[in-house]
Amino acid sequence: MDLTTTTPTLPVQIMSLGGLGEIGKNTWAFRYQDEILLLDGGLSFPTEDMLGVNIVLPDMTWLIENQKHIVGMVVTHGHEDHIGGIPYHLKQFRIPRIWGPKLAMALLQPKLKEHGLLNQVPITTVGPRDVVKAGKHFSVEYIQNTHSIADSYTLAIRTPAGVIIHSGDFKFDHTPVDGRKFDYHRLAEYGEAGVLCLISDSTNAELPGFTPSERSVYPNLDRVFSQAKGRIVLTTFASSVHRVNMVLQLAQKHGRVVSLLGRSMHTILTAAKQVGFISYPEELLQPLQVCQKLPDKEVLILTTGSQGEPLAALTRIAQGEHRQFSIKAGDTVVFSANPIPGNTISVVKTIDRLMQLGAEVIYGKDKGIHVSGHGCQEDHKLMLALTKPKYFLPAHGELRMLRIHCQTAQAVGVPAENMVIAMNGDVVEVSQSGIRIAGKIPSGLQLIDQVGIVDRDALRDRQRISDEGLVLIAVAVDHQGQVSVEPTVTIRGMARIPGMINLEADLAQAMVHAVRDQWRECQAILEDGRTQIDWDKLQSLLSKIALHKLRDRVPSRPLVIVQMLKPTGNAPTAALPETNGTGAHYRAAIIEAADTEVALPGRIRRRTTTSA
């Protein structure tokens, strides 16, 4: 698509690289003429089939190709699915400036520092009704809203084509914990002046009514604190700053000191206090070692792990694997969070383990100890009524949520022809004359593990190893085409069946015969008369023969890796070093190669003993 046209009547183009048809990795781009404005840069977390993957990002190919047109990024709030991807994006393309709320930027700074990017991009903090100018064509006003994290905003994006309201994540909380109310008046002023298009959060589109106020959780948690006889272990989303603040207030009220477990809990509490969204006396927070010496009724452990995350503190406590803390009879464990779809099984398993250890576990929607940060159908209707948009684009939700949100918009008067349901990568064009999907840009996933980007071939290999197992064959061949020492075969992750009796020995023997039979085919005579060996071709042929042999013996299709140990030096007549007929050097190398620990991702993680 041409970005250099200067026609003043162009529509504004809206593209989402993440967050449509899904929950997470919210990343938006707005384009007018030759300028691109980014909104948020989020991440999501891997599904069960993404073995070894730590985080999931949108495919940034299009932005990398068009980075010279990017005029900046505006951030709505500090949740990971809105800011967690920014450090990874900055490693791939240039962002001239980032504007965002104080809390979100306080959470972003340590991420940039961790990635060595602290001084790579200028960062400007903004507050209610601040207006930022990005490039020639965009200006953005920050409108205070209410959400599960403090310092969250709806954005009014002014473009030559008209005003676009992006709701951000929101609900209409009339009694917010921090007293910072949704700026209904400014939203209504935009509605009266004329809103071209509303982009609105669809997360709870299926649920009727209004989402309850965050403050409604306080009396229910207060009752839990009053009834607990021993230690309280409470888990919630670390980013739920309002909830954490209430928990700290309740700890003071009930005479308990607080110890934090989990890196994200420490990070967010520090950032929130730094910018003034949480306050507490210094003596309220104590190291775990201090808390363990106090009477149980004076202790509160505030921890991560509300979603059953494998490495979170509460999960490790439930599994008896936490080095500093363990559950005992009389403890009360409180889940002040509901499972995100996909996490229910992990959460239930954690609850069961905690009960087995003797804890009383308080959880579930009926307890009133958690409310959502996203609006339901009546919140959506109020957003539509205040903004009075000409066109409507549902966002931040799975497909069924987007469809139901469109039905809600029609119920309050937005014509069906004035809305579209877009997916990631769709180019939505909107102007005074209409809204339509006008094209497509590259979209997809970028998978990140602890080392770097995981390509699809690597992920496919991991899935295959997890499902079918791994066969590793090490073969040492000299310059004369002789196998110097018996090949070593290592099998991992495969169930033992009758067809596998003597399989290792048979595969080793097959490799000896294969080298002998294929040796001539892998030789080439050079112009000077010397013989050159195509070792890569020999390795490929051995892999094919091993695969064929396995198909005859086992029903599974494991990943087969043939490691070729070839002699050093290029002279085809070079003597083998210190072989003495025993292949001593080769034998040492082949044993080391075959005995290498194979880290299997996913379900197969434990090293399996292989019979000789």
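Which residues do ring pairs link into a cluster? I looked, and the answer is Phe170, Phe172, Phe182 and Tyr184.

Ground rules. The model is predicted, so I kept to its limits: local features need pLDDT of at least 70, side-chain atom pairs count only at pLDDT 80 or more, and totals for chains, interfaces and linings use all residues. Residues are numbered from 1 along each chain as its sequence is written, and side-chain values use heavy atoms, with hydrogens and water left out.

Overview. I noted 17 helices and 27 strands in the protein chain; these are DSSP runs numbered from the N terminus, helices being H or I with at least four residues and strands E with at least two. Of the 612 residues, 54% are buried (under 20% relative accessible area; exposed is over 50%, partly exposed in between, with a 1.4 Å probe and protein chains only). I also checked contacts (heavy atoms within 4.5 Å): of those between residues at least 6 apart in sequence, 73% join residues at least 24 apart.

Rings. My search of the whole structure gave eight aromatic pairs. One of them is Tyr142 with Tyr153, edge-to-face, at 5.4 Å centre to centre and 75° between the planes. For the record, rings of Phe, Tyr and Trp (its six-membered ring) pair if their centres lie within 6.5 Å; planes under 30 degrees apart are stacked, over 60 edge-to-face, the rest tilted. Tyr142 sits in strand β9 (residues 138-144) and Tyr153 in strand β10 (residues 153-159), eleven residues apart. Tyr142 is at 0% relative accessibility, so I logged it as buried; Tyr153 is at 0% too, so it counts as buried. I also found Lys273 over the face of Tyr280, 4.2 Å from the ring centre (the rule: NZ of Lys or CZ of Arg within 6 Å of the ring centre and within 35 degrees of the ring normal).

On the α15 side the contact includes Leu503, Leu507 and Met511, and on the α16 side Leu538, Leu542 and Ile545.

Helix α6. I listed the buried residues of α6 (residues 217-227): Val217, Asn220, Leu221, Asp222, Val224 and Phe225. Their cover includes β13 (232-235) and α7 (241-253).

His79. I found His79 in the loop between β5 (70-74) and α2 (80-83). Why buried? His79 counts as buried because its relative accessibility is 10%. Leaving aside neighbours within four places in sequence, His79 contacts Gly84, His147, Ser148, Ile149 and Ser239.

Positive phi. Most residues other than glycine have a negative phi, so I checked exceptions. Lys25 has phi near 40° and lies in the loop between β1 (12-18) and β2 (27-32); at 3% relative accessibility, Lys25 is buried. Lys388 has phi near 50° and is in the loop between α12 (377-387) and β18 (389-395); at 46%, Lys388 is partly exposed.
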